[in-house]
Amino acid sequence: MLGIRAFRLAVICLCLLPALALPGMASAAGPRHAIAMHGEPLYPAGFTHFRYANPDAPKGGAITYGATGSFDSLNPFIVRGTSALGLREHVFESLLARGYDEPFTLYGLIAEKVEVPADRSWIAFTLNAKARFSDGVPVTVDDIVYSLETLRDKGRPNFKTYYSKVERIERIGARTIKFHFTPDGDREIPLIIGLMPIIPKHIYEQRDFGAANFDVPVGSGPYVVDRTVPGKRIIYRRDPDYWGKDLPVNAGHYNIDLITYEYFRDTNASFEAFKTGIYDARPEDDPVRWTTGYDFPALRNGKVRKAAFATGLPSGMYGLVFNTRRPVLEDRNVREALIHLFNFEWINENLYFGSYVRTRSFFDNSELASSGRRAGERERKLLAPFPGAVSPEVMEHGWRAPAGDPKGQDRANRARAIALLREAGFELRNGVMTSRATGQPLRLEILVATPAEERLALTYTRMTSRIGISIAVRNVDPSQYQERRNNYDFDMIFNSWFSSLSPGNEQSFYWGSAAADVPGTRNYMGVKDPAIDAMIEAMLAAETREDFTAAVRAMDRVLMSGAYMIPLFHQPEQWLALWNKVKVPETTSLYGYRSSTWWIDGK
């Protein structure tokens, strides 16, 4: 595995050398095989396969994955309903395919060529003449236009946000389409269009696209839906006539004939099913289970193996989120007090065998993180119009979590929390934290959907109760949880935000002001901060990696200064358990393992 790590480091170094590629350089030569967000694509024209895929992997076999909860829809593009897992990955393709050895580079897929000007005010795609939907109908320019308009007008809110930046569509010949962007477009929008899922006009114009139902989806991807048991199981069958099976981006991918997602009521039932071989691959995020739970016969007999994968990815953020739309949580001092009451050191040792690392940034473990760094000149210049948006401490060294007491006493943090609540207008009356203005006790609710969340929430409520704060923990079924989360009907929830090495437009969907009042976004906190909006704009406008990194770090500092959640913890690496019939490539991508590159050993 040392060779893998060395390769990843080499890739990172290549991608972080903007001096080798001037802004707009990738667009100077006309239509090309790929487009990079910054700098040049790692893989040249004529490459044969990604290095994290095995082009000689055998085809065939079947694999089953485990899922929890249920599903009531086969439409992954709308807010209504809960769609089955795997539809976007297996059935629907984009114009371009992402390469996972780089922060953000896209290579030819449905579109065999791509062209952008230096200012990225437009992007043109030339379609591959071989591209077909699974029913054999060719993919045309009409399908591309229909996809954008339908997703923009009837799809999830993020589609509307992204695709509304297309001002005009120009058809150039039979296979080339050009998207012109509005003045408020940005340098990432061309790549976002490249990742737009393509749906067949001749199928979906006959359907109610906004309906959550079990109409069989039709796409151009490597798999088709074979059969479903609503809410319980969905099975995908590899399409032997898949048009793109010989493309370089697909070499060594999509090797398995049948892919099943089997649903279980909760994680405990799911784990028991894995132990008996009902499904074959289990990503693990529970350190207790990872440390102590894998002592079962199949593992002892060598039929199951555990694997850990290091990645070059930022940690992302897993946090206990405050809904600032609630009056009591509007006050930053209240939120800060609640952060001080979370004793990570005790929780990590007693609940998780010390397996986790405290998260200090939305981009921990990467160059994009503000944690442990003094703000540089570029950051300070970006933040200058917003005095007070970043605390002096965070500006100086990034966010530092309150140091908890491993023995559980934590008197200093409780004292600090009481002081902050006093500034917010609360006081202790007969052991109850009470508003001086209204006489009402400080009461909150944490909405949870899994036993793991419930356990952590109950542990935390015992910590808050020591200074008279009452927090109820409410466990609801998945459909109710999803509805309440989409409509921001909660005080606090657990949530995870994935972070990449090339964050972009999705950041507006996460914490842009315009997303705060739109149901179904991921701005669960209800953040409306012009400083965050400005940092996102700067990030999207950056032409060099240095400017981009400065903008991301500045945004990170504003978010961490706002105390919008209790930053929790993250795994130091990816954990995965596999039945031995499942084989993985020797080389791991910069983003970690890629299940699309696995194959089945039929021996």
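This is a predicted model: local features need pLDDT of at least 70, side-chain atom pairs count only at pLDDT 80 or more; totals for chains, interfaces and linings use all residues.
Strand 5 and strand 6 (residues 122-127) run antiparallel to each other, paired over 4 bridges; strands here are DSSP runs of E with at least two residues, helices are runs of H or I with at least four, and both are numbered from the N terminus. Two strands count as paired if DSSP finds at least two bridges between them. Residues are numbered from 1 along each chain as its sequence is written, and side-chain values use heavy atoms, leaving out hydrogens and water.

Next, have a look at helix 11 (residues 344-351). Its buried residues are Phe-344, Ile-347, Asn-348 and Leu-351, where buried means under 20% relative accessible area, exposed over 50% and partly exposed in between, using a 1.4 Å probe and protein chains only. Down the axis of helix 11 they fall within an arc of 100°, so they line one face of the helix; the arc is that of the directions from the helix axis to the C-beta atoms. What do these residues pack against? The buried residues of helix 11 pack against helix 8 (287-293), strand 15 (357-358), helix 15 (451-465) and strand 22, with contact meaning heavy atoms within 4.5 Å. After helix 11 comes Phe-353, with a positive phi near 55°.

On to the aromatics. The whole structure holds 47 aromatic pairs; rings of Phe, Tyr and Trp (its six-membered ring) pair if their centres lie within 6.5 Å, and planes under 30 degrees apart are stacked, over 60 edge-to-face, the rest tilted. Phe-50 and Tyr-52 are stacked, 5.3 Å centre to centre with 10° between the planes. Phe-50 is buried at 1% relative accessibility, and Tyr-52 is buried at 2%. Tyr-318 and Phe-569 go edge-to-face, at 5.7 Å and 65°. That pair links distant parts of the chain, with Tyr-318 in strand 14 (residues 317-322) and Phe-569 in strand 22 (residues 569-570), 251 residues apart.
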